[in-house]
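This briefing goes through one protein model by topic. The sequence and the structure come first.

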Amino acid sequence: ALVRQVMPQADLGALAWTPVHPRAFRRAIKPMLLVISVPSLMVLALVGWQAWPPVAAAMAIAVLLTRQQQVRRLAWASNDDVVALRRGWLWRNVTITPVAKIQTVTATESPFDRRAAMAAVQVDTASGRELSQRLHIPYLARDTARALFARLSAQAAQTAFRW
């Protein structure tokens with residue numbers, strides 16, 4: 001009801017939500033495995049190397065299950081009026097950006113993305129501050145990301161910007 005009052009053009013029920021790339025989970029866990037390795041080694045140094053199998057297994061399972069749920073619930077939607085991102089497992093949120101307020105659109109590929117043939121699209125608004133929440137859509141198929149980037153860039157270029 002709040003979204004309808006503030007942004008009548010953003011009908012959440014009418015948006016066609018699209019999940020991210022089918023291999024997004026595999027792509028998402030690779031950096032996580034790098035990040036988790038340092039704390040794992042620190043914990044193992046404290047509890048001893050004899051506890052290696054149960055500690056490593058517990059940490060790996062926790063990371064994998066959490067990341068799987070996060071990626072599973074990640075979806076995006078776009079129409080002529082808005083771009084939206086739905087994310088979160090325990091704490092869910094929906095970020096909606098009106099196309100008329102888009103200032104910049106960026107498509108990025110990390111080395112992990114390039115290897116997996118994926119890319120991300122980020123949308124910034126004119127009112128976005130450094131600490132504001134940006135719309136960042138990760139784990140898109142490269143072709144999907146390019147098409148979304150081209151469409152949003154063209155729409156933003158045609159929009160008369162008003163302060």
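I36, a residue of helix α2, is partly exposed because its relative accessible area is 22%. The model is predicted.

**Helix α2**

- Leaving aside residues up to four places away in sequence, I36 touches M59 and V63.
- I36 and V63 are 27 residues apart along the chain, and their C-alpha atoms are separated by 8.2 Å.
- L41 is also found in helix α2, and its 46% relative accessibility makes L41 partly exposed.
- For L41 and P8, 33 residues apart along the chain, the C-alpha separation is 51 Å.

**Sheet and strand pairing**

- Four strands form an open sheet in the order β1-β2-β3-β4, and the pairing is antiparallel.
- β1 (18–19) and β4 are at the edges with a single partner strand each, so one side of each has no neighbour in the sheet.
- Strand β2 (residues 75–78) runs antiparallel to β3 and is joined to β3 by four bridges.
- Six bridges pair strand β3 (residues 82–87) with strand β4 (residues 93–98), again in the antiparallel sense.
- V83 has S78 opposite it on the β2 side, and V83 stands opposite T97 in β4.
- The hairpin of β3 and β4 has five residues between the strands, and G88 in this hairpin takes a positive phi near 110°.

**T97 in strand β4**

- T97 lies in strand β4 and is buried, because its relative accessible area of 6% is under the 20% cut-off.
- Not counting residues up to four places away in sequence, T97 touches D81, V82, V83, I102, V123, T125 and L135.
- V83 is therefore both the residue opposite T97 and one of the contacts of T97.

**Salt bridges**

- Side chains of opposite charge can pair when their charged atoms come close.
- How many salt bridges are counted? The count comes to two.
- One of them joins R27 and D113, with the closest N and O atoms 2.7 Å apart.
- R27 belongs to helix α2 (residues 24–47) and D113 to helix α4 (residues 111–116), so this pair ties together parts that are 86 residues apart in sequence.
- Are R27 and D113 buried or exposed? Both R27 and D113 are buried.
- R142 and E109 also form a salt bridge through their side chains, at 3.4 Å from N to O.
- This pair links distant parts of the chain, 33 residues apart: R142 is in helix α5 (residues 142–158), and E109 is in the loop between β5 (102–108) and α4.
- R142 counts as partly exposed at 22% relative accessibility, and E109 is partly exposed with a relative accessible area of 28%.

**Second largest pocket**

- Rolling a probe the size of a water molecule over the atoms shows where empty space is left.
- The volume of the second largest pocket is about 200 Å³.
- Which residues line the second largest pocket? The lining consists of R67, Q70, V71, L74, R87, G88, W89, L90, W91, P138 and Y139.
- Sorted by class, the lining has seven nonpolar, two polar and two charged residues.
- At least two lining residues come from each of α3 (52–72) and β7 (135–141).
- α3 gives the largest share of this lining, with three residues.
- G88, the residue with a positive phi in the hairpin of β3 and β4, is among the lining residues.

- Most residues other than glycine have a negative phi, and most peptide bonds are trans.
- A117 is not a glycine, yet its phi is positive at about 60°.
- A117 sits in the loop between α4 and β6 (118–125) and is partly exposed, with a relative accessible area of 33%.
- Y139 is another residue other than glycine with a positive phi, near 60°.
- Y139 is found in strand β7 and is buried, because its relative accessible area of 9% is under 20%.
- Y139 is also one of the residues that line the second largest pocket.

Key. Residues numbered from 1 in each chain as written. Predicted model: local features only at pLDDT ≥ 70, side-chain atom pairs only at ≥ 80, totals over all residues. Heavy atoms only, no water. Pairing = 2+ DSSP bridges. 1 Å grid on protein atoms, 1.4 Å probe; cavity = no way out; pocket = protein on both sides within 12 Å on 5 of 7 lines; lining within 4 Å. Points joined across faces, edges and corners; volume = space filled by probe spheres on them. Nonpolar A, V, L, I, M, F, W, Y, C, P; charged D, E, K, R; others polar. Salt bridge = Lys/Arg side-chain N within 4 Å of Asp/Glu carboxyl O. Buried < 20%, exposed > 50% of the residue type's maximum accessible area, 1.4 Å probe, protein only. Contact = heavy atoms within 4.5 Å.
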